[in-house]
Amino acid sequence: MTQQLKDRGRWASLVLLSILLGIPWYWPEDNFGWQAWLVPGWVWVTLVAAIVLSALVVWGALRGWPDEPVE
Amino acid sequence: MQDLPLETGSLIFLAGYLLSLLIIGWFASRQRQDRSLGDYYLGGRGMGLWVLMLTLFATQYSGNALFGFTGQAYRVGFTWLAILHSMIAVVAGYLLFAPRLQRLSREQQFITPTDYIEFRFPSRALSALVALCFMIVLINYVLAQLKVMGLMVEGLSGGQVDAFWGVVMLAIIMMVYSTMGGMRSVAWTDAIQGAMMLTGFILIALIIERDMGGWSPAFAQLRDIAPEKLAPPEGRAAVTWFSTVVLIGIGASVYPQAIQRIYAARSARTLQQSLAGMAVLPLFAVVVVLALGFVAIARFPGLEGAAADQVMALIMRDVLSTGWFGHAVVTLLLGAILAALMSTADSALLTLSSIFAKDIYGKYIRPTASDAGCARVGQWCAWLILGGLVWLSTQENLTLYRLFVLKFEILLQIAPAFYFGVNFPSLRTTPIMLGLVTGLCVAVSGWSLGWMPFGLHPGTVGLLCNVLMIMSAHSFYAIKPSGTQSSN
């Protein structure tokens, strides 16, 4: 069960990573009305995506890996 | 680099920093347990959490991170945010192979990155090719650092010290402490660099907000002056975004010097915790570096090509004019930059010398040589290589970013050997060898021709061909009747 969860986490991370990398494709127009604050909306979305990705990697490092017993 | 009018106090601080490196080298030499290669090149495999995290951080964030990233942010605008995702993706990449590799390195007593390749894929030709690729990458890496070192010394001295002599002075200091303490002194100086760099970034961000008009007006000005640099990537640029994340995310995770740090971790848990910390650091370091580049678009318009790599220096010149606090922060940041350049160069040089000593001298030239003998040869080799590179650093005429990309084109082709090798036990040597050769041919020829199909870097195209070749060859061997397979 634990191994299954780890595998699921690993694949989920990869899928999410792929989605995050695709962000620029889905915001070709800056139509979120966030332009008024510092930078366009797509930049904020990209930054939030980076934070999520970072959190996911932290989780992966501490919980999802490695699959060998820790010394 | 731009001339920076530093006061005597700042110059004394920088000189004191350089002196402290020699003291660290002496202290590290006192910590050596024996004369073995493992003790010299891996610090006795006892690297703790903070040193490991900061040395991995310092390995990833070199002089390129400060000058190259800001320069590229200035040149291309917000589409360079791809580098933020790339630097986090590097850690994600580590997670796919590093924990198992660390465990194996303990069991098999690996010293060089090539040791794993030779253990997993027993082929002399493959390990020699990988060693050669690593050496080319490391030479490229050291060369890039030396180039910036020269520019920096020239700028700091107001042009009074020639770039060549600046590089010579710093290279000698670097070699003395790394020869004395090996990986220990290199990792300790890396840790100091990492801490200084993070502090410097946070303080410079505060200064821009407090004393230089603030971030908000700077971005507003940017919208007026260069709105095209705020635009999201479209078409080819969007593909290049993806390609950059793949290129750097996968390529940087197999830096040979980073792989040696994986070997040097005290335990699997130490490595896990260090990688967790590494995943957060880009959110501070990279965001500030990029923001500086973006602000510079409005502040220093009109810089093109290699001149854009100077924007960091231009910002520091402005920060200097804000008063004593600005002066202190710039001094700290200059120390961090100097440290970043030196620590990256010394890490690469140490790995380079280990590959030469163990994988070439110890295997092909004098297989009967003792560990101590190999380590000694490695030290001399490092001096010789550095001498050649110091000379070369004054001859080349490439922008920092171009140097930065070249090494990834090659590293990316080696990555499948680590990623697949660790995770797929049934994978044999021949598919990896064929994939590597195919990937290298595509990547290097594409790079030399300046070829970027659909906005993809030649290295990414090479990786695709590499992986396809591995899969095809693996399938071919898998369906061959038993008894007809080669031993590999």
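This is a predicted model: local features need pLDDT of at least 70, side-chain atom pairs count only at pLDDT 80 or more; totals for chains, interfaces and linings use all residues.
Domains first. Chain B splits into domain 1, residues 8–401, and domain 2, residues 424–488. Their centres, taken over C-alpha atoms, are 29 Å apart. Domain 1 of chain B puts 14 residues into the contact, and domain 2 of chain B puts in 12.

Which helices supply at least two residues each on the domain 1 side? In chain B, those are α7, residues 124–156, and α10. The largest share comes from α10(B), with 8 residues. By class, that side of domain 1 of chain B has 9 nonpolar, 4 polar and 1 charged residues.

Now stay with α10(B), residues 236–251, and look at its packing on α5(B), residues 82–108. The angle is about 40°, and the axes lie 7 Å apart. The crossing of α5(B) past α10(B) is right-handed.

Who touches whom? From α5(B), the contact includes B:Ala82, B:Ile83, B:His85 and B:Ser86. B:Ala89, B:Val90, B:Ala92 and B:Gly93 also take part from that helix. Facing them in α10(B) are B:Trp241, B:Thr244, B:Val245, B:Ile248, B:Gly249 and B:Ile250.

Last stop: α6(B), residues 113–120. Buried or exposed? B:Pro113, B:Thr114, B:Asp115, B:Tyr116, B:Ile117, B:Glu118 and B:Arg120 are buried. That is 7 of the 8 residues, so the rest of the structure largely encloses α6(B).

Key: Residues are numbered from 1 along each chain as its sequence is written. Chains are lettered from A and ligands numbered from 1 in the order in which they are written. A residue is buried if 20 or more other C-beta atoms lie within 10 Å of its own, exposed if 12 or fewer, and partly exposed in between; C-beta atoms are placed from the backbone. Helices (H or I, at least four residues) and strands (E, at least two) are DSSP runs, numbered from the N terminus. Axes are lines fitted to C-alpha atoms, for helices over the stretch in contact, and angles run from 0 to 180 degrees between N-to-C directions. A crossing is left-handed if the near helix is turned anticlockwise from the far one by less than a right angle, and right-handed if clockwise. Two residues are in contact if their C-beta atoms, placed from the backbone, lie within 7 Å. Domain bounds come from an automatic or database domain assignment. Ala, Val, Leu, Ile, Met, Phe, Trp, Tyr, Cys and Pro count as nonpolar, Asp, Glu, Lys and Arg as charged, and the others, Gly among them, as polar.
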